Amino acid sequence: MSQAHIHNTLTRSLEPIIPRADYGNTLSLYTCGPTVYSYAHIGNFRAYVFEDLLQRHLRERGFIIRRVMNLTDVDDKTIRGAVAAGVPLADYTRPFKEAFFQDAETLRLLPADANPAATDPEQIARMIAMISTLMERGHAYQAEDGSLYFRIASFANYGRLAHVDLAGQRPGQRVSSDEYEKEAAADFALWKSWVPEDGAVGWESPGGKGRPGWHIECSAMATGLLGETIDIHCGGVDNIFPHHEAEIAQCECAGTGHVPFVRYWMHCAHLMVEGSKMAKSQGNFFTLRDLLLQGWTGREVRYALLAVHYRASLNFTMEGLSAARAALARLDVWQERLLEVAGSEQKLEQPDLATEGFFTALDDDLNISGALAVLFETVRETNRRMDQGALNPEQARGLLEWLARVQSVLALEPRDQPAKTFPEIDLLLAAREAARAAKEWQKSDQLRDQLAALGWLVKDTKDGQKVTGG
Ligand SMILES: [Zn+2]
């Protein structure tokens, strides 16, 4: 069996995934979660879907994954949102947290083992303890504005992940904002001193009343829940600098200093929409909810986000969604055909047609294009055999078992769904039922095709119409 390899951002090379000595088959995985100031958009979900594929493939390869995904529920944006809405911070972020978990379920993302929120008292205490250690060791200092800053000149490895020499650059510059441009390499805030714009948001600390910076939130939650070394840490390319660079500096300077903070760094490339950068001002900004309202399903969006290699830029288009719908329908019809063949009694000894190629492709840094090519080539070839009546039940059963393994990684299986959640589908089904009752077979077939074009497969059973898809 081949072995799973991934591209490590830190070394810029392909490396085999090997657990730490004494850790058996277990791997820890930390993935930067959403900032809950709004609904997550499809660019955010591209990263989460990639991480889900990674987790599912590693699980298929026998690893036991312990995963933590944080929720950033205090930062510049959440505070700004709460102040603008005139509500307490927790009231402002709660619906967005709930929406995030609903969306994650719609996209079939495996739940993390823990989803710590930055404002949990336990997490705030961890952040303060970490900052205190950094102060004691001379890696942090308090500035005139009362805020505490990390001294990047004190950490020689600063910039190693982003592959730029940043240590010691422009000493004395400080950035209180969570986000800043690459050019402005500067000491970053660990703890931001309370200002009137923060309203009721603030915690007491040895550095005075204030709130944590975004970077220390992830450092404290990651090491607090997964230990001093994490096997795999993921995020979007936007996170490499300054966020992940800062996470490394904080963790390695506050830790024992003997082990790296992260062994494998993985970053997902940008998402574009119809060839342009997604922006509200461009009218090409989509949350998952926007797409569901347009009649697309979570499964279709998942496919569209999944089908492009995570390190390649993804151009998200309506055409791509239509292609996802067609590909899924093809897969669903194939499965139905296999089930029919598998159910017959005939027994012949025939070679197994399933292939490991799907999984070995994913072993190569999650080469999804290669994996999908194997899948659809198998669909094409075995459909041809079924057309000729040359696929026997044993082979069909073997393929169905293989498909179940494939779907444990892709999570694109059709599900029986209550059609009433999709009003248009519900209407078409009702119309078809009426047509059948009136024995208008041509109309009934036409409605079936219409439903198929929308990604729903209808079967007529003795209990009436059965619909799968979505
Ligand atoms: Zn993070």
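Along the chain, the donors of the zinc ion follow the spacing C-x185-C-x24-H. In this predicted model, local features require pLDDT of at least 70 and side-chain atom pairs count only at pLDDT 80 or more, whereas totals for chains, interfaces and linings use all residues. Residues are numbered from 1 along each chain as its sequence is written, and side-chain values use heavy atoms, with hydrogens and water left out. The zinc ion is coordinated by Cys32 (SG), Cys218 (SG) and His243 (NE2) at 2.1 to 2.2 Å. Donors are N, O and S atoms within 2.8 Å of the metal (3.2 Å for Na, K and Ca); water is not among the atoms, so sites may look incomplete. Helices (H or I, at least four residues) and strands (E, at least two) are DSSP runs, numbered from the N terminus. Both Cys32 and His243 are buried, where buried means under 20% relative accessible area, exposed over 50% and partly exposed in between (1.4 Å probe, protein chains only).

Helix H6 also contains Pro242, which is joined to Phe241 by a cis peptide bond with omega of about 5°. Two residues other than glycine have positive phi. Phi of Asp365 is near 55°; Asp365 is placed in the loop between helix H10 (357-363) and helix H11 (368-387) and counts as buried at 3% relative accessibility. Phi of Ala411 is likewise near 55°. Ala411 occupies the loop between helix H12 (393-410) and strand E15 (415-416), and is buried with a relative accessible area of 2%. Most residues other than glycine have a negative phi, and most peptide bonds are trans.

An open sheet of four strands has the order E4-E3-E10-E11, with parallel pairing. Its edge strands, each pairing on one side only, are E4 (64-69) and E11 (262-268). On average, neighbouring strands of this sheet are turned by 20° against each other, direction ignored. Strands E3 and E10 (residues 230-236) run parallel and are joined by three bridges; two strands pair if DSSP finds at least two bridges between them. Within this pairing, Thr31 stands opposite Cys234 in E10. Helix H6 packs on the sheet, touching E10 and E11, and its direction makes about 160° with that of E10. Axes are lines fitted to C-alpha atoms, for helices over the stretch in contact, and angles run from 0 to 180 degrees between N-to-C directions. Contact means heavy atoms within 4.5 Å.

Antiparallel pairing occurs elsewhere. Strand E8 (residues 187-193) is largely enclosed by the rest of the structure, because seven of its seven residues are buried. E8 pairs in the antiparallel sense with strand E6 (residues 148-150) over two bridges, Tyr149 having Ala189 in E8 as its bridge partner. E8 also pairs with strand E9 (residues 210-212) in the antiparallel sense, over three bridges; here the bridge partner of Lys192 is Arg211 in E9. Strands E16 (residues 456-461) and E17 (residues 464-469) run antiparallel and are joined by six bridges. These strands form a hairpin with two residues between them, in which Leu457 is partnered by Thr468 of E17.

The largest nonpolar core has 76 residues, of which Ile232, Phe358 and Leu375 touch the most other members. Apart from this core lies another of 49 residues, among them Val68, Phe96, Phe150 and Ile216. A nonpolar core is a set of buried Ala, Val, Leu, Ile, Met, Phe, Trp, Tyr and Cys residues joined through side-chain atoms within 4.5 Å. Leaving aside neighbours within four places in sequence, the contacts of Ile232 include Ile17, Leu27, Leu54, Tyr264 and Met266.

The axes of helix H2 (residues 76-85) and helix H3 (residues 89-106) come within 8 Å and cross at roughly 110°. H2 and H3 are therefore roughly perpendicular to each other; angles under 35 degrees count as roughly parallel, over 145 as roughly antiparallel, 65 to 115 as roughly perpendicular and the rest as oblique.

Glu300 is found in helix H8 (residues 298-306) and is buried, with a relative accessible area of 2%. Residues touched by Glu300, not counting those up to four places away in sequence, include Arg325, Leu454 and Gly455. By contrast, Asp290, in helix H7 (residues 288-293), is partly exposed at 29% relative accessible area.
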